[in-house]
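Subject: Structure handover

Hello,

Here is the structure we talked about. Please open it next to this message and follow along.

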Amino acid sequence: MITEINLRKVASYKNQATLETDKKINIVYGLNGTGKSILSDYLLKRNDEKFKCCSIEGLNENHEVYVYNQTFIQDNFFESESLKGIFTISKENKLAEKNISISRKEIEKLDEEKRKKEIEIDKEKDHFRKKHKMNLKRIWKIKTDFSSGSNYILDFCLEGYKSSKANLFNYIISLPKLTKKPSESIEDLKNKAQTIMGANAKKYLLVSDVEFLSASIETKKIFKKKIVGAENSSLSALIKQLGNSDWVKFGLKYLPKDPIRENKECPFCQERTVSNEFLQNIKDYFDDSYQSDINSLKTYSKEYSQSVQKINKIKYTLEANSIFETIPELKKHKIDFILKFDKFLRLINNNRVKIEQKIKTPSLSKTLESSVKLLQEINNDIGRINELISDHNKDIEQKEIRKEKIKQLFWEIMRWDYNEEIEKYLSDKTKSDFKLKALNSCIEEYKTKISSHNLIISEQQKLTKNIEEAVTNINMGLIDLGIADFKIENFSNNFYKIVREENEENEVFRSLSEGEKMIISFLYFLEMCKGSETYKKKIIVIDDPISSLSHIYVFNIGVLIKNEFIDSKNSDYVQVFILTHSLYFFNEIIERNYTKRKKSYKLFRLIKNSEGSHFQSMEHGEIQNDYHEYWNIIKDKKNPNALIANCIRSVIEYFFNFVEKEDLTSFFKREPLSSNKFQAFNRYINRESHSLGQNLFDSNDFDYEVFKDGLQKLFEVAGYKNHYEKMIK
């Protein structure tokens, strides 16, 4: 028994439309063009290429589907002048009947065993499906973690896997697990992504090496030299003995610069002991050689101090450089680099102070510390910094390549982090697949045995024929319907044809009306269902058997269907699908008894709008008439323009021409219907024909809101405002 039909990507079924049922009798109502014929054609030709995206559940090899639709009529009437033979079990061939009976019982037994295995398969699949649902939920955490918040910078790694849990799961389990834990962390990847994708992502200039041109001063011997006055000065012995030449030099600024007439006070002892001779001896002591050394020290001091100032500026510039904050790899280098630079600065500042001290006390030896080694270490660090800047700039230049690398590293980390979940799934799947393989193997054995018995039945069926009984039944059916001007006669052992009584030799089928063709074809279908003995359960599909019939025959056809398929005690008919566009016929088929209807019936409405065709379950209380159905279509803006417009016109014609017998002409001369806004609406309502959708004016003329507003205004102008408000609700 069919439990589910899925139609997708065929004709008007743009998206998947699903019909689910657990009932024997299934009745589908739908206007012409909504997709009923596609549904019946699929049940007739399920293996056709155009139905490759469609599927069906519940149907198996022990079911035979009999479909009555336009394809059936063409196959049985339009391609041949005679009907195909109707086969049945031969009452005379008892041996064949016995063999068929034995095979049938064996098939039933095998089918029952196969069904048990199929139930086991369903249970195992359901069990694994529930486990897998939890797997999907846990793995889906990757998506939720990295699609928002501080992790959003890595959202691009999930491209292609954010809309489907199954896609994400299938991708991650397809990745190989690394032999060891990834060396980089998610934080590392976020930092890398930030450098090439963040708001401050840009290229940076390389850092120049630090130059300290005064480093050579540090090796000058003059700093260790004890700078004292001339040895030939009369004061040299005393100054040397006292060891106070620097003190004397310091006091020179307090002595007169020019010759004096009388002795002056000594700046040291405050006695009038300073004479011109004393001044000359002092000057002789601090001779040109002494002064030359002092001048050299001052020159070195000035040059060294200027170099120190430049280094201070370089340090300030480096500290202010944003690369240390923007490029994550440089953050961990910054502190060490700045500390080393500070150490260098302290060294050269100490040297600068020593030089100044040497100038103040030239007789004392000073040793300057070499800055070369520290400077080399700093420039080595700058070299490493420049390498990182170059790598960063290359990342900016090759952004897409770097993104792919980050994406690869991201999934390697995810595969490692979720390995436990993945391994558990793979283990569960291996066990489940093994069990399913064993069950399917059993089912295939049962199928092979069933096929062999079906072959026996097929061979035995060739011995059974009952053409005359079928012809008689069809002719009786024609008489019951009031058709007496033609009948069906035997053409050959396996075929029969339709002939008129006044001239049995003429081929008269092609001269039948469409309604007559439908009646004969349906009676033939009825006999084929009764007479085809395949010993399989029968599923009957009937697509609009009254589409070309007058109302006088609709009731009769409905009675035939109910007697043969719906109310029949024949257990071979396990399920019936009836498709129709007629609400009258729909009502005729439906069981009136609520209890019986609830137990055996399921009703559907087939609707087509801008999103395609789809099924809706339908309650008995929803069944109305064609007039109500027109209003339902008008209210749904998604329906095709031509269909909505035609239904608006049908409502107007039905109500004003048939119910109220009003002349519309006068209404369209009144405001607001006479305004330009409703000109397209007026033109369409006053067309002579609307039998075909293509008779509609250019679709650009159709404005849903204008047409709907026009309909409302027409009812209001005519005095039927309450009727409009009731129906539009």
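In helix α5, Leu 168, Tyr 171 and Ile 172 meet Trp 411, Met 414 and Arg 415 of helix α14. Contact here means heavy atoms within 4.5 Å. Helix α5 covers residues 165-174, and its axis comes within 9 Å of that of α14, crossing at roughly 90 degrees. That makes α5 roughly perpendicular to α14. For these labels, angles under 35 degrees count as roughly parallel, over 145 as roughly antiparallel, 65 to 115 as roughly perpendicular, and the rest as oblique. Axes are lines fitted to C-alpha atoms, for helices over the stretch in contact, and angles run from 0 to 180 degrees between N-to-C directions. Helices (H or I, at least four residues) and strands (E, at least two) are DSSP runs, numbered from the N terminus.

A word on the source. This is a predicted model, where local features need pLDDT of at least 70 and side-chain atom pairs count only at pLDDT 80 or more, while totals for chains, interfaces and linings use all residues. Residues are numbered from 1 along each chain as its sequence is written, and side-chain values use heavy atoms, with hydrogens and water left out.

Back to α14. Helix α6 (residues 186-197) packs against α14 (residues 399-417) at an angle of about 165 degrees, with the axes 10 Å apart. So α6 is roughly antiparallel to α14. On the α6 side, the contact residues include Ile 186, Leu 189 and Ile 196. On the α14 side, they include Ile 406, Phe 410 and Met 414.

Now the sheet. Six strands form an open sheet in the order β5-β9-β10-β3-β11-β12, with mixed pairing. Strands β5 (63-68) and β12 (612-618) stand at the edges; each has a single partner strand, so one side of each is left without a neighbour in the sheet. Neighbouring strands are turned by 20 degrees against each other on average, direction ignored. Helix α1 (residues 36-44) packs on this sheet and touches β5, β9, β10, β11 and β12. The direction of α1 makes about 155 degrees with that of β9.

The pairings, one at a time. Two strands pair if DSSP finds at least two bridges between them.

- β9 (residues 537-543) and β10 (residues 573-580) are parallel, over six bridges. Asp 543 has Leu 579 of β10 as its bridge partner.
- β3 (residues 25-29) and β11 also run parallel, joined by five bridges. Ile 25 stands opposite Tyr 601 in β11.
- β11 and β12 are antiparallel, over seven bridges. Ile 607 stands opposite His 614 in β12. These two strands form a hairpin with two residues between them.

Is β11 enclosed or open? Seven of its nine residues are buried, so β11 is largely enclosed by the rest of the structure. Buried means under 20% relative accessible area, exposed over 50%, and partly exposed in between (1.4 Å probe, protein chains only).

Some backbone details come next. Lys 9 has a positive phi of about 55 degrees, although it is not a glycine. Lys 9 lies in the loop between β1 (4-7) and β2 (17-20). Lys 9 is exposed, at 55% relative accessible area. Asp 544 has a positive phi too, of about 45 degrees, and is not a glycine either. Asp 544 sits in the loop between β9 and α18 (551-566). Asp 544 is buried, at 8% relative accessibility. The peptide bond from Glu 671 to Pro 672 is cis, with omega near 5 degrees. Pro 672 is in the loop between α22 (641-659) and α23 (679-685).

Asn 379 belongs to helix α13 (residues 372-397). Asn 379 is buried, with a relative accessible area of 14%. In sequence, Asn 379 and Ser 208 are 171 residues apart; in space they are 8.7 Å apart, C-alpha to C-alpha. Asn 379 also touches Asp 209 and Val 210, not counting residues up to four places away in sequence.

Last, the cysteines. How many disulfides are there? The count is zero, taking a disulfide as a pair of cysteine sulfur atoms within 2.5 Å. Cys 529 is buried, at 0% relative accessible area. Cys 647 is buried as well, at 3% relative accessibility.

Best wishes
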